[in-house]
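Hi,

Here is the structure I promised to pass on. Have a look at it first, and then read my notes below.

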Amino acid sequence: MAKVLVIGAGGVGSVAVHKMAMNPDIFGEVVLASRTKSKCDAIAASVKQRTGRDVATYQIDADDVAATTALIREVKPALVVNLALPYQDLAIMDACLAAGVNYMDTANYEPREEAKFEYKWQWAYQEKFKAAGLMALLGSGFDPGVTSAFAMWLKKHKLKTIRTLDILDCNGGDHGQHFATNFNPEINIREVTAPARHWENGDWVETPAMAVKQTFDFEAVGPKNMYLMYHEELESLAKFIPEMERARFWMTFGDAYITHLTVLQNVGMTRIDPVIYEGKEIIPLQFLKAVLPEPSSLGSTTKGKTNIGDIATGEALDGSGEKTFYIYNICDHEDAYAETGNQAVSYTTGVPAMIGAALMVQGVWKGEGVFNMEQFDPDPYMDMLNKHGLPWQVKELEGPLAF
Ligand code: NDP
């Protein structure tokens, strides 16, 4: 039974802490720290009411490495689970190194001034973690996270090689608002307004944001428009499945979302460079975040389902020629809310965060250095997804995607 310190009291942090508390045989003690202590206390109260367990809470500014190191030394966890924002990744990794504790997160580091989504900054910590005899696991959410475990499971059980891979992320939920994002608006809008990039024949192919659109009929949701985007797991997948000829990431957006986003972009509200307003520097996107609904407030009204999965084509393991498999999870917003008080986008990230943490503290996934999801046996992860609220299905398709 291990003690873990979770940093970040948003929707994802809330789900992860609830799910950890529901598994006392793995997580003997759960501690939650974040920038705003009252948010930690609200989560702790919900956990107490739902599970009867106590969660100790702390205030921390995780950008402050010395303060975070001191907190880790005081709490003495076996693992720090970083569910704050991608900006904090390097500072929390530094604090883990200073305090001698393992690290895990769900999103790769991003510098504030540039929406870049690259692993290079965190991969640069490889030697430091190795030398300290510590482990860092990067990207144990749904995408990145489960989508990589799905690909590696197909590679282990169905396909000798993967020639093409498409990740399809569909949120068929309706929150009843004109415009809102389902996770942190600043991170979400940076992601969707960045140029699209996919992997093809050993190189990255860049296209303008939201310029490539296809329609796909998602089980339990129905036909949806989806757009080609860049997503960080494409980088680790291309590295660890080197035979891939093409890897793409698609996300669904409704027409109303696209219209709002286009207007916001056209008027400059999604800019991430500072502008002077009444003598003070402000970042338009951060101001926009302040006026948009808090994603955590959408939980009680969101209805519908998410459907996220991988379609992979390659040479079958059983020698039967080229085959295409589709592996996916369907998650219901209202069920997720009933269980943890958070909608499915937080749920589908918080549950895999709990699972990655569980495999680390139990020593099922272990090593020294910085690791991506693709480097470990997917089976125990996939097994826990089935047991802890994100059951998956796999089916053979008649052939590769037509587009
Ligand atoms: P939220 O914005 O809801 O929560 C982030 C939390 O981190 C907030 O409580 C915030 O505090 C806290 N925080 C921010 N800065 C600091 C800081 N300097 N020190 C301490 N705490 C801080 O985001 P989400 O819960 O939606 O997302 C959490 C993470 O999960 C993000 O990194 C996101 O990119 C990632 N994610 C990953 C996905 C995946 O599938 N892999 C999918 C969705 C999200 P405060 O409330 O005071 O601002």
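Which residues of helix α3 (residues 65-75) are buried? They are T68, T69, L71 and I72. Buried here means that 20 or more other C-beta atoms lie within 10 Å of a residue's own; exposed means 12 or fewer, partly exposed is in between, and the C-beta atoms are placed from the backbone. Helices (H or I, at least four residues) and strands (E, at least two) are DSSP runs, numbered from the N terminus.

Before I go on, two notes on the source. This is a predicted model, where local features need pLDDT of at least 70 and side-chain atom pairs count only at pLDDT 80 or more, while totals for chains, interfaces and linings use all residues. Residues are numbered from 1 along each chain as its sequence is written.

Back to α3. Its buried residues T68, T69, L71 and I72 sit on the same side of the helix, because they cover an arc of only 160° around the axis (the arc of the directions from the helix axis to the C-beta atoms). As background, an α-helix has 3.6 residues a turn, so residues three or four places apart point the same way. On the face of α3 turned away from the buried side you'll find the exposed residues A66 and E74. The buried residues pack against β1 (2-7), β2 (27-34), β3 (56-59), β4 (79-82) and α4 (89-99), where contact means C-beta atoms, placed from the backbone, within 7 Å.

Next, α1 (residues 11-21). How many of the residues of α1 are buried? The count is 11 of the 11, so α1 is largely enclosed by the rest of the structure. Its buried residues pack against β1, β2, α2, β4, α12 (333-340) and α13.

One of those partners, α2 (residues 37-51), packs with α1 at an angle of about 35°, the axes being 10 Å apart. Axes are lines fitted to C-alpha atoms, for helices over the stretch in contact, and angles run from 0 to 180 degrees between N-to-C directions. On the α1 side S14, V17, H18 and A21 take part, and they meet I43, V47, R50 and T51 of α2. That contact divides into four nonpolar, three polar and one charged residue. For the classes, Ala, Val, Leu, Ile, Met, Phe, Trp, Tyr, Cys and Pro count as nonpolar, Asp, Glu, Lys and Arg as charged, and the others, Gly among them, as polar.

Then there is the pair α13 (residues 344-361) and α14 (residues 378-387): their axes come within 10 Å and cross at roughly 130°. That makes α13 oblique to α14 (under 35 degrees is roughly parallel, over 145 roughly antiparallel, 65 to 115 roughly perpendicular, and the rest oblique). I355, A358 and L359 of α13 make the contact with P380, Y381, M384 and L385 of α14. By class, this contact has seven nonpolar, no polar and no charged residues.

Finally, two loop residues. G8 lies between β1 and α1 and counts as buried, with 29 C-beta neighbours inside 10 Å. Beyond its neighbours within four places in sequence, G8 is in contact with G13, S34, N82, L83 and A84. A124, in the loop between α5 (120-123) and α6 (126-132), is partly exposed, with 13 other C-beta atoms within 10 Å.

Cheers

Methods:
Contact = placed C-beta atoms within 7 Å.
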